[in-house]
Amino acid sequence: MAANGRNMHLYNELYMQPDQDIRTEDRLDFDLMDNKLLQKYLLELKSQRLEFEAVPDDEILERMSLRRDNRPTLAAVMSFSSCPQAYFPQWCVTAVVIPGKKMGETCDEYRFLDNRRIEGPISEMVAGAVCFVGRNKHKAMRFTEDVKRVDVPEFPLKTVREVVFNALVHRDYSPYTEGSV
């Protein structure tokens, strides 16, 4: 019976991902947070949501699941720490451009045409990934009726931003898989 209980626990942790982004760890402290980022967030929140206008910052952090037991949650670290990778080195975006159509194909001995490890809080990782894609995507060209050149992007960067943001926010942050998207 104990083995079945353990297996159910592992199943829940691995597949249900219950609130992993709002857990805390003893080594995390609010001293790790970029105070400017955090204050900007709190000011924007208070200006957009009237119910928070007169609420103390500490209580807002609790309500928004950014603080539990006087410690920052993983969501707070991912969003407001200047370098979450100091505590969770695997929390990054690895972006590569390959020379062929499949990973592992090489062209003139090059394995990658571009390769970046993008770090920082989620906002910086999203911005870095969007810049990386923008720098490496193809552009078509066409001419208008009055013979002006117009570059046509392969796909909109707005879409890339949404995809990367969703991948980072919805990745599995459980202790068993801390890391990969």
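These questions cover aromatic pairs, charges over rings and cysteines in a predicted model. Local features need pLDDT of at least 70 and side-chain atom pairs 80 or more, while totals for chains, interfaces and linings use all residues. Numbering runs from 1 along each chain as its sequence is written, and side-chain values use heavy atoms, without hydrogens and water.

Student: How many aromatic pairs does the structure hold?
Tutor: Rings of Phe, Tyr and Trp (its six-membered ring) pair if their centres lie within 6.5 Å. By that rule, the number of aromatic pairs is two.

Student: Are the rings of tyrosine 41 and phenylalanine 80 stacked, tilted or edge-to-face?
Tutor: Planes under 30 degrees apart count as stacked, over 60 as edge-to-face and the rest as tilted. The centres of these two rings are 5.1 Å apart and their planes are at 50°, so the pair is tilted.

Student: Is phenylalanine 80 buried or exposed?
Tutor: Buried means under 20% relative accessible area, exposed over 50%, partly exposed in between (1.4 Å probe, protein chains only). Phenylalanine 80 has 8%, so the class is buried.

Student: What class does the pair of phenylalanine 88 and tryptophan 91 fall into?
Tutor: Their ring centres are 4.0 Å apart. Their planes are at 15°, so the pair is stacked.

Student: Which residue lies over the face of phenylalanine 88?
Tutor: A charge sits over a ring if NZ of Lys or CZ of Arg is within 6 Å of the ring centre and within 35 degrees of the ring normal. At 4.5 Å from the ring centre, the residue is arginine 27.

Student: How many disulfides are there?
Tutor: A disulfide is a pair of cysteine sulfur atoms within 2.5 Å. By this rule, the count is zero.
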